[in-house]
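Work through the exercises below with the sequence and the coordinates at hand. Each task is followed by a worked solution.

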Amino acid sequence: MCRWAMSSFVFCLMTSLREWFDERRTLREWGSLELVAPKPLLGTLRGVSDLRLRGMRGRDHEDMLRLRVANQEWLTPWEATMPPNTGQSLPTVSQFCRQSDQQVGRGLLAPFSIWVDGELAGEVNAYAVSWQSLCSGMLGYWLRAEDAGRGIMPASIALATDYLLGESGLHRLEVNIMPHNDASLRVMEKLGWRCEGRRADYMYIQGKWQDHLSFATTVEELPAGGWTEFLSRP
């Protein structure tokens, strides 16, 4: 092997190792992240004494998948499915966990688990994150059936959004909701996010392409004190 080729090989190897260690460090830091709802925000919820979000990694994804299965009937009408004839298939549990950790390590995914009074209750998930000139991400969320209507989801989104548009450095977040998903639309109404219009045939859900309404917020639109303080106001 010539000197130039050896130098190139060593450079590529060192770059790959540095990226790998950076991903591991990012994943470790994300897994230790915890966002706790302040008392004024808790005061707006019904029958909740403690609400917190935790960064997910590793087996946390498996626990979340089990909770999704337990709430399958509640979630199925809103779950994205694979279009026919695409040649794509859903990953196995182990593949999903590994892929999720890889995306977290690369800054492309920010999954939060929602904990209500010490129990796992749902998820807020920033996905399709893009950096450089966009600094933007999509936000998805869901909650187990028994916790619906208690104000938990708007509060959880507020906590996640304040962190993502603050400490993490994102500039914009977007949410897309089917027009007949009244519960999710009420969440956006409570938060006051800007509606950007209707997206025709946006996502494949329950056997057909479904229209969605698009909502968004940016750093410039953060209320004084953030969304958490905004929801805490009487």
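**Exercise 1: Burial and overall make-up**

Of the 234 residues in the chain, 42% are buried. The model is a predicted one.

Solution. Step 3: among contacts in the chain with a separation of 6 or more, 65% join residues 24 or more positions apart.

**Exercise 2: The nonpolar cores**

Task: Find which residues touch the most other members of the largest nonpolar core.

Solution. Step 1: this core has 46 residues, and those touching the most other members are Leu51, Phe112, Ile157, Met188 and Trp193. Step 2: helix 6, residues 152-164, gives the most to this core, with 9 residues. Step 3: leaving aside residues up to four places away in sequence, the contacts of Phe112 include Trp30, Leu53, Val124, Ala160 and Leu164. Step 4: another core, of 6 residues, lies apart from the largest one; Met64, Leu75, Leu120 and Trp142 are among its members.

**Exercise 3: The cysteines**

Task: Count the disulfides, then classify Cys135 and Cys195 by accessibility.

Solution. Step 1: with a cut-off of 2.5 Å between cysteine sulfur atoms, the count is 0 disulfides. Step 2: Cys135 has a relative accessible area of 19%, so Cys135 is buried, since buried means under 20%. Step 3: Cys195 is at 44% relative accessibility and therefore counts as partly exposed.

Conventions. Residues are numbered from 1 along each chain as its sequence is written. This is a predicted model: local features need pLDDT of at least 70, side-chain atom pairs count only at pLDDT 80 or more; totals for chains, interfaces and linings use all residues. Side-chain values use heavy atoms; hydrogens and water are left out. Buried means under 20% relative accessible area, exposed over 50%, partly exposed in between (1.4 Å probe, protein chains only). Contact means heavy atoms within 4.5 Å. A nonpolar core is a set of buried Ala, Val, Leu, Ile, Met, Phe, Trp, Tyr and Cys residues joined through side-chain atoms within 4.5 Å. Helices (H or I, at least four residues) and strands (E, at least two) are DSSP runs, numbered from the N terminus.
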